Amino acid sequence: MKAVVRLLRGVLATVVIGACIGVWTAAAAEPAKSVVANLDDQLVATMKNGQDLGFAGRYKKLAPVIDQSFDLDRIAKLALGSHWSKLSAEQQQQYQSMFRKDTLATYASRFDSYSGQSFKITDVKDAPGGRRQVNTVIVSNGDEIPINYVLDNSDGDWKIVNVVAKGVSDLALKRGQYTSSINEKGADGFIKQFQTQLKKYPTIPNLAAES
């Protein structure tokens, strides 16, 4: 009888340990998922009030969550690759500031109205380099549009470093566009071209980045 009790205790301990490992594994994956879930929630909330907010209002409403969710300075640097060093220190700061404005303006322009759209997280998995990938879909008019987020852990915080929409990497697209511009126009011409690009938007609010 004592042997049976010891056996049952051993089995129970194994089950408890296994459950704890499962809990900690899930908890480790949760921060990256939470970043994307919070971003999705704020996008929906902004779309629902999009017309009342207008471009400037949507820009201001989305700025905090985008600053918190994306590692924008790092993405800007990654988008230039080896061409980053071709910019002076002043140009690097100017470019990163314009990159942030362009990102915010793009989201404020695209997520401007609501007609029943919803976001759904479909999977969270490991990605190369110790990163995490959070797969989502936008459900709109019965269609599901896949948007996958790649996040990296920077100083203890998970932040988005790339967005892959329908299989197309936004970072790869930007790198192709930006490096082509620098190769053709040089650093000064690239900065001027970026300044021109920002003029296609309505007046962009002057907001400091949130850490």
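**Figure 1. Arg132 and its salt bridge to Asp126.** At 12% relative accessibility, Arg132 counts as buried, where buried means under 20% relative accessible area, exposed over 50%, and partly exposed in between (1.4 Å probe, protein chains only). The side chain of Arg132 meets that of Asp126 in a salt bridge, at 2.3 Å from N to O. A salt bridge here is a side-chain nitrogen of Lys or Arg within 4 Å of a carboxyl oxygen of Asp or Glu. Asp126 is exposed, with a relative accessible area of 61%. The model is predicted, so local features need pLDDT of at least 70 and side-chain atom pairs count only at pLDDT 80 or more, while totals for chains, interfaces and linings use all residues. Residues are numbered from 1 along each chain as its sequence is written, and side-chain values use heavy atoms, with hydrogens and water left out.

**Figure 2. The salt bridge of Arg74 and Asp152.** A search of the whole structure finds 7 salt bridges. In one of them, the side chains of Arg74 and Asp152 meet at 2.8 Å, N to O. Arg74 lies in helix H3 (residues 72-80) and Asp152 in strand S3 (residues 143-154), so the pair ties together parts that are 78 residues apart in sequence. Helices (H or I, at least four residues) and strands (E, at least two) are DSSP runs, numbered from the N terminus. Arg74 is partly exposed, at 28% relative accessibility, whereas Asp152 is buried, at 13%.

Figure 3. The side chains of Lys174 and Asp170 form a salt bridge of 2.7 Å, N to O. Both residues lie in helix H5 (residues 170-198), 4 residues apart, which is about one turn of the helix. Lys174 counts as buried, at 15% relative accessibility, and Asp170 as partly exposed, at 32%. Elsewhere, salt bridges that share partners join Arg74, Arg131 and Asp152 into one network.

**Figure 4. The open sheet of 5 strands.** The strand order is S1-S2-S3-S4-S5, with antiparallel pairing; two strands pair if DSSP finds at least two bridges between them. Strand S1 (118-127) and strand S5 (168-169) stand at the edges, each with a single partner strand, so one side of each is left without a neighbour in the sheet.

Figure 5. Strand S2 (residues 131-140) pairs with S3 in the antiparallel sense over 9 bridges. Val139 stands opposite Glu144 in S3, and Val137 stands opposite Pro146 in S3. The hairpin has 2 residues between its strands. Which residue in the turn has a positive phi? Asn141 does, with a phi of about 55°. Most residues other than glycine have a negative phi. Asn141 is exposed, with a relative accessible area of 68%.

**Figure 6. The turns that follow S3 and S4.** S3 and S4 pair in the antiparallel sense over 8 bridges, and Asn148 stands opposite Val164 in S4. In their hairpin, with 2 residues between the strands, Asp155 takes a positive phi near 55°. Lys166 lies in the loop between strand S4 (157-165) and S5. Phi of Lys166 is near 50°, a positive value in a residue other than glycine. Lys166 counts as exposed, at 63% relative accessibility.

**Figure 7. Aromatic rings.** A search of the whole structure finds 13 aromatic pairs. The rings of Tyr107 and Phe111 have their centres 5.6 Å apart and their planes at 15°, so this pair is stacked. Rings of Phe, Tyr and Trp (its six-membered ring) pair if their centres lie within 6.5 Å; planes under 30 degrees apart count as stacked, over 60 as edge-to-face and the rest as tilted. Both Tyr107 and Phe111 are buried. Trp84, Tyr95, Phe99, Tyr178, Phe190 and Phe194 form one aromatic cluster.

**Figure 8. Lys48 and the ring of Tyr114.** The charged end of Lys48 sits over the ring of Tyr114, 5.2 Å from its centre. A charge sits over a ring if NZ of Lys or CZ of Arg is within 6 Å of the ring centre and within 35 degrees of the ring normal.

**Figure 9. Residues 1-29 and the confidence of the model.** The protein averages a pLDDT of 88, and 86% of the residues score at least 70. The pLDDT is the predictor's confidence in each residue, from 0 to 100. Over residues 1-29 the pLDDT is below 50. Beyond near neighbours in sequence, this stretch has 2 contacts in the model, where contact means heavy atoms within 4.5 Å.
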